[in-house]
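Let us go through this model by question and answer. The sequence and structure come first.

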Amino acid sequence: MHRNLAALALLTLTAACGPSGPSTGPSPRPGPADTVRIGTGGGTGAIQRIVYQPVSPALPPIPAANGALAIRVIHPTQGQARPNVDSTFVYGSLGTGQAALEINGTPIPVAANGAFIAYLPMPADGAWRLRAQAGGREVTETRSYAPRATGGGGGGSAPSTNAVYATARLGTVTGGADTLASGSDAIYARPTPTGPYRWFFPRGARLAVAERRGQQYRVRLDGGTEAWIDASALSLTEAASPPPAPGPVNGAISQHADGLDLRLRADGRPFLVETSDAGAIVTVYGATGGTMTPAAPFGGWFRSAEQTAGEGSTRFTLSLAGGAWGYKAWYEANGDLVVRVRKPPAIDPQNPLRGRRIVIDPGHPPAGATGPTGMYEGDANLAIALPLAEKLRAAGAEVILTRTGREGLVSSTNSTEELRARVQLAVSRNAEMLISVHNNAFGEGANPFRAMGTSVYYFHPFAAGLARELDREIVGVTRIRDLGALQQNLALARPTWLPSTLTESLFMPIPEQEAALRDPAFVERLADAHVRGIEAWLRGRAAAQAGGGR
């Protein structure tokens, strides 16, 4: 699950399970059942028993459980920071579906297996008081938030790190990695301090730094284009030192086993790579024209190259039959920029999976969501991924699993390190696709009865079609609201070298959705849906190849 998007900001390496934001809909309700009173505190006496009515009734029925009465709260955890929201969700289980439950005096529906989820106003005193009854017994539990920190301290303000430079200073990218390929090996820049990432820079990029504001630099890419980049990513020349002056950039194209190399005499100038079904465009900032060494079409894929000078930048447009499958980029020691554009594999239209090298990533651990009866998302993801891998192999694909048990690729609980290792595995094995299998969770304050749905995430345009086909097939099995194929800056969706997507089939906290993920027959259908989505996209790409590209 990906716990929203503040958590993505540091390195934006969080993997999956994107939360929905705070609800802006009607006032809270305890759960999917008849309207009941909203209480204000703990109660006494008999609790009104309400049977949970599934919000996704097309899923398999929730099996009954009649164990010992015990309150197990999954969310919130004891002592967690109090969220700054008006209402939020509480969920967990009671051990028996015969129980009656109230939270802060409000009766809450209970599912057949004892699971519950409620969406309630935040308690004024920061405490959730749960009371449950079954078989003549009563149990109680209280979950409290940590008190909010009060001001004071008198330590004075931190030294200012803001500065505007009258003359632009030279900033050289020294963070990240030498080659852009996995999407987690680059330094990111965005058009505004908090906007979405747009530029990926490997080490060696030379930037004109105009301002420091807190932990970010504002850099000028050309006369009218600016970007914001983390200050820790740059080494700044303290004395005024201009970046490369505007000038011509010459280019040449050569054939490569993976596709083609576009070599540009960029002198470390920043760049942007954009891909489409028609090819790729490389924009070099601070370039004022130049020459392009002619290259004849080759491989039935590369058609032509064109150079266009604009205001403060030059665009190199590559016309490619069937578009680009991905790309890598790096600077040579002399400042030359090399963009390696990957050609699509030759796909058999009769059996599009045959020979394809696919990485299947069962999302998590570390991290991951937990359902109301305690099912761990990492286990649910693996239960889908293992049969998915076998079905793909049976169809002729070469499948690489990032894990086959609870252990990840690195001996660490650091999610950032684990996610880097997973995408790097896909790049190092020259995989042609990466599918990261997840199930979702909610962000604090979300109304779970309105925010849940099936979704598939991608980042680069060359993966959008794959995401759409996967979403179409998965939602046909889950039969819940279709949130769609969504562009999002997630580590497992961000590799530049191959189409990568991240699937979110169901929401772990919803009782019937967690229960469905325990049902082997349903899980098998989910695995089949993933196979059909991958196959449908490849079949479409094969048709495009047969027709000479889109």
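## Packing and confidence

Q: With which residues is Tyr217 in contact, leaving aside its neighbours within four places in sequence?
A: Contact means heavy atoms within 4.5 Å. This is a predicted model, in which local features need pLDDT of at least 70, side-chain atom pairs count only at pLDDT 80 or more, and totals for chains, interfaces and linings use all residues. Residues are numbered from 1 along each chain as its sequence is written, and side-chain values use heavy atoms, with hydrogens and water left out. Leaving aside neighbours within four places in sequence, the partners of Tyr217 are Tyr165, Val209, Glu211, Arg212, Ala227, Trp228, Ile229, Ala231, Leu234 and Leu236.

Q: Which residues touch the most other members of the largest nonpolar core?
A: A nonpolar core is a set of buried Ala, Val, Leu, Ile, Met, Phe, Trp, Tyr and Cys residues joined through side-chain atoms within 4.5 Å. Buried means under 20% relative accessible area, exposed over 50%, partly exposed in between (1.4 Å probe, protein chains only). The largest core has 70 residues, and those touching the most other members are Phe201, Tyr217, Val219, Ile229 and Leu260.

Q: Which helix gives the most to this core?
A: Helices (H or I, at least four residues) and strands (E, at least two) are DSSP runs, numbered from the N terminus. Five residues of the core come from the helix that gives the most, H2 (residues 415–428).

Q: Which strands do the buried residues of H2 pack against?
A: The buried residues of H2 include Leu419, Val423 and Val427. Glu418 and Arg422 are also among them. The strands they pack against are E22 (326–331), E24 (357–362), E25 (398–401) and E26 (433–440).

Q: Is Glu211 buried or exposed?
A: Glu211 sits in strand E12 (residues 206–213). Its side chain has a polar contact of 3.1 Å with that of Arg213 and one of 2.7 Å with that of Arg218. A polar contact is a pair of N or O atoms within 3.5 Å; within protein, one must be able to donate a hydrogen and the other to accept it, and residues adjacent in sequence count only if both atoms are side-chain atoms. At 10% relative accessibility, Glu211 counts as buried.

Q: Why is the pair of Phe298 and Phe302 tilted?
A: Rings of Phe, Tyr and Trp (its six-membered ring) pair if their centres lie within 6.5 Å; planes under 30 degrees apart count as stacked, over 60 as edge-to-face and the rest as tilted. The centres of these two rings are 5.0 Å apart, and the pair is tilted because the planes stand at 35°.

Q: How many residues apart are Phe442 and Phe507?
A: Their rings are stacked, 4.3 Å centre to centre, with 15° between the planes. Phe442 is in the loop between E26 and helix H3 (448–451), while Phe507 is in strand E29 (residues 500–507). The pair links distant parts of the chain, with a separation of 65 residues.

Q: What is the mean pLDDT of the protein chain?
A: pLDDT is the predictor's confidence in each residue, from 0 to 100. Over residues 2–16 the pLDDT is below 50. Where pLDDT is low, the predicted coordinates should not be read in detail. In the protein chain, 89% of residues reach 70 or more, and the mean pLDDT is 90.
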